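Let's take a walk through this structure together, strand by strand and contact by contact. Please have the 3D view open as you read.

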Amino acid sequence: MAGIISTSWTVVRRFFLVSSFIMGIGGSTVVALGSLQTARSPHEHIVVTGGSMEPTISVREVITVDPQLIPAVGDVITFLRDDQLVTHRVTHTWSGTDPSGRVRQMFTTQGDANEKADPWTVVDDDILGTVIPTSPLVSLASWLSLRPALLAVFILPLLIGLF
């Protein structure tokens with residue numbers, strides 16, 4: 001009877017070792033690929049901290065901002081306002097001349113959850129970029145990186161399996 005219990009325990013231990021190893025490799029691969037995709041891209045990835053774009057963009061959602069796209073009416077842009085990042089939708093755009101005689105592109109914006117347009121005008125130099133769809137891999141890697149305990153569940157088994 002002792003031999004049967006010992007054999008069963010060995011099978012259970014192997015099962016947990018193999019499944020932990022697979023989970024560790026899977027989690028590590030997702031984080032590594034997400035980081036690699038982020039590093040190779042000219043885009044910025046930003047975690048949204050406010051709810052002014054609900055339900056289009058949720059709080060703590062990762063957005064991707066493309067600095068090379070020229071925003072148009074209906075696009076969502078991220079810009080600097082009073083040293084804060086703001087992500088709102090373009091509702092109106094026009095060209096104007098600044099005091100130095102330079103022609104600038106200007107924008108009126110509004111958060112999707114807001115009833116009124118923003119009380120300021122956004123100037124082209126303040127825009128970080130236009131929001132584009134975020135890769136699911138980047139979203140997952142970012143989501144895991146914000147949850148260190150869950151990330152450890154994936155990576156620790158890999159490290160244990162290696163040793």
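## The β4–β5 hairpin

In this predicted model, β4 and β5 make a hairpin with five residues between them. Within the turn, G101 has a positive phi of about 90 degrees. The two strands, β4 at residues 84–97 and β5 at residues 103–110, run antiparallel and are joined by eight bridges.

## From β3 to the whole sheet

On to a second hairpin, that of β3 and β4, which has two residues between the strands. Here D82 takes a positive phi near 55 degrees. Six bridges connect β3 (residues 76–81) with β4 in an antiparallel arrangement, and V76 stands opposite R89 in β4. β3 also pairs with β7 (residues 127–132), again in the antiparallel sense, over three bridges; in this pairing T78 stands opposite G129.

How do the strands line up overall? They form an open sheet of seven strands in the order β1-β2-β7-β3-β4-β5-β6, with antiparallel pairing. The edge strands are β1 and β6, each of which pairs on one side only.

## One aromatic pair

The count of aromatic pairs comes to one. F79 and W120 form this pair in an edge-to-face arrangement, at 6.4 Å centre to centre and with 65 degrees between the planes. Because F79 lies in strand β3 and W120 in the loop between β5 and β6, the pair ties together parts that are 41 residues apart in sequence. F79 counts as buried because its relative accessibility is 0%.

## Salt bridges

The model holds six salt bridges. One of them forms between D112 and R89, whose closest N and O atoms are 2.8 Å apart. This pair links distant parts of the chain, with D112 in the loop between β5 and β6 and R89 in strand β4, 23 residues apart. Are these two residues buried or partly exposed? D112 counts as partly exposed at 29% relative accessibility, and R89 is partly exposed too, with a relative accessible area of 24%.

R104 is worth a stop of its own. With D98, R104 forms a salt bridge whose closest N and O atoms are 3.2 Å apart. R104 is buried, with a relative accessible area of 14%, and D98 is buried at 17%. R104 also forms a salt bridge with D124, the closest N and O atoms being 3.0 Å apart. D124 lies in the loop between β6 and β7 and R104 in strand β5, so this pair ties together parts that are 20 residues apart in sequence. D124 counts as partly exposed, at 25% relative accessibility. Through shared partners, salt bridges join D98, R102, R104, D124 and D125 into one network.

## The largest pocket

Finally, have a look at the largest pocket, which has a volume of about 250 Å³. Its lining includes I46, V47, V48, M53, L85 and H88. Which strand gives the most to this lining? That is β4, with five residues, while β1 (44–47) and β4 each supply at least two. By residue type, the lining divides into six nonpolar, six polar and no charged residues.

Notes
Residues numbered from 1 in each chain as written. Predicted model: local features only at pLDDT ≥ 70, side-chain atom pairs only at ≥ 80, totals over all residues. Heavy atoms only, no water. Pairing = 2+ DSSP bridges. Helix = DSSP H or I, 4+ residues; strand = E, 2+ residues; numbered from the N terminus. 1 Å grid on protein atoms, 1.4 Å probe; cavity = no way out; pocket = protein on both sides within 12 Å on 5 of 7 lines; lining within 4 Å. Points joined across faces, edges and corners; volume = space filled by probe spheres on them. Nonpolar A, V, L, I, M, F, W, Y, C, P; charged D, E, K, R; others polar. Phe/Tyr/Trp six-rings, centres within 6.5 Å; stacked < 30°, edge-to-face > 60°. Buried < 20%, exposed > 50% of the residue type's maximum accessible area, 1.4 Å probe, protein only. Salt bridge = Lys/Arg side-chain N within 4 Å of Asp/Glu carboxyl O.
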